[in-house]
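This report covers a helix pair and a sheet in the structure shown below.

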Amino acid sequence: LLHINPLFSILYTSPTVDRSATQRKDDIKNMTFSKWIQQGCEKEDTEPTYVFDLLCSHFYNPLTNEAFTSGICSSTDSAYRWANNYQENKWSWANARKYFYNGLTLSTKTDRDNALADAFRALGQVVHLVQDMAVPAHTRLDLHDVLINPDFFEVYTYDNINDLVYDQVPYRGSSLVSSIQDAPRQLWDGDFYTETSLPVGSNTVGLAEYSAANFFSRDTIFKGQPRPMLSDTDCANKVMNPTLTTSIVQVPNDSGGFYNGIYISKTVGDQVNMLAAFSILKNEIVNTGKDKRLNGDAICKQLAFTLNLKDDAINEDNAAMLVPRAVGYSAALMDHFFKSQIEISLPDSGVYASVPNNGSIYPYPNMNFTQITLKAKNVLLSGEDMSGGLSIITA
């Protein structure tokens, strides 16, 4: 991941914080384009355009295609809207395209270098907004901050950044569609997840859909989203199992201790081994429910499920599925940004290929084309046509 700890973001409350012109010149001279992209990923948290962007504009609900509709964040953009808000967001997708175009067409090397640096930084900041879709709190609208109410999953991934699995799960959905102004929405949301249907195919749907429909955040366990629901899990089977006690493990709590608990799994659709845990310290709810001849679902509805900051079992399991998709979807966005096609057609007139006659008799052994004439055009997004210049094509 090209992400950074959000704790540092509280140090920056104004877009005026920037390096000196001399430092920027040194950066342009010494930094590779991948470093600029990485820096952009970091700066999306550390140098927000507005303070509320950091708190509110990194969320996206795939069921509504928006973020918050009430409270302090109700007037802010969703993550996808913010990625495309070229008027207020200097580091939007559209502005990244504009900087990249300028980096190829401006007349002086200094101006081109500056434009390319801005392009790669802007791309990094949009990549960050895709990566945030791998955090269930960001797609289940579980608002959190960096100090008082941090997100457990983000804390875990930062604390274990060197031990996470970064082998990418590549995006395999429909062909990405974008424009100059709009990034390819399919990476965020492909509209497969609805109130009544789960998105099927973990790397063919939008990343926001995948994380929202298959995982919990601390304050959205069986609430905030229609899925996962109890019937998507193995809870009923576990509480009704006569050998229930064999599933009891020591579950970490937030105070550094443990409690006797059982982990439940998501078994419908994409499977999640560690979804949440419930305490059976005295086993009262389960036993009472059985005495009343309640079925498993009815018993499960009375249980208190938790996600705890210290519970690395759940966080590790979830990260193993979410982080590789964040990497793969980020790669898809970057590949799409640089993707272009060469359109080849015949010349308007004249001979487009010939074989020199070396005196041989047909079928002319050992004779090949030595030159061909054709028309080649770099096919870019509408409005990004480039005139003049030299194109070198290899085959």
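## Helix pair H9 and H13

In this predicted model, helix H9 (residues 207–214) packs against helix H13 (residues 312–338) at an angle of about 170 degrees, and their axes lie 11 Å apart. Angles over 145 degrees count as roughly antiparallel, and H9 and H13 are therefore roughly antiparallel to each other.

Four strands form an open sheet in the order E1-E2-E3-E4, with antiparallel pairing. Strand E1 (249–252) and strand E4 (305–306) stand at the edges with a single partner strand each, so one side of each has no neighbour in the sheet.

H13 also packs on this sheet, where H13 touches E2, strand E3 (272–279) and E4. The direction of H13 makes about 160 degrees with that of E3.

## Strand E2 and its partners

E2 (residues 258–266) runs antiparallel to E1 and is joined to E1 by four bridges. Val-249 has Gly-261 of E2 as its bridge partner, and Pro-252 has Phe-258 of E2. Five residues separate E1 and E2 in their hairpin, and Gly-256 in the turn has a positive phi of about 95 degrees.

Five bridges join E2 to E3, again antiparallel; Ile-264 has Ala-276 of E3 as its bridge partner. The hairpin of E2 and E3 has five residues between the strands, with Gly-269 at a positive phi near 75 degrees.

Seven of the nine residues of E2 are buried, so E2 is largely enclosed by the rest of the structure.

Notes: Residues are numbered from 1 along each chain as its sequence is written. This is a predicted model: local features need pLDDT of at least 70, side-chain atom pairs count only at pLDDT 80 or more; totals for chains, interfaces and linings use all residues. Side-chain values use heavy atoms; hydrogens and water are left out. Axes are lines fitted to C-alpha atoms, for helices over the stretch in contact, and angles run from 0 to 180 degrees between N-to-C directions. Helices (H or I, at least four residues) and strands (E, at least two) are DSSP runs, numbered from the N terminus. Angles under 35 degrees count as roughly parallel, over 145 as roughly antiparallel, 65 to 115 as roughly perpendicular and the rest as oblique. Two strands pair if DSSP finds at least two bridges between them. Contact means heavy atoms within 4.5 Å. Buried means under 20% relative accessible area, exposed over 50%, partly exposed in between (1.4 Å probe, protein chains only).
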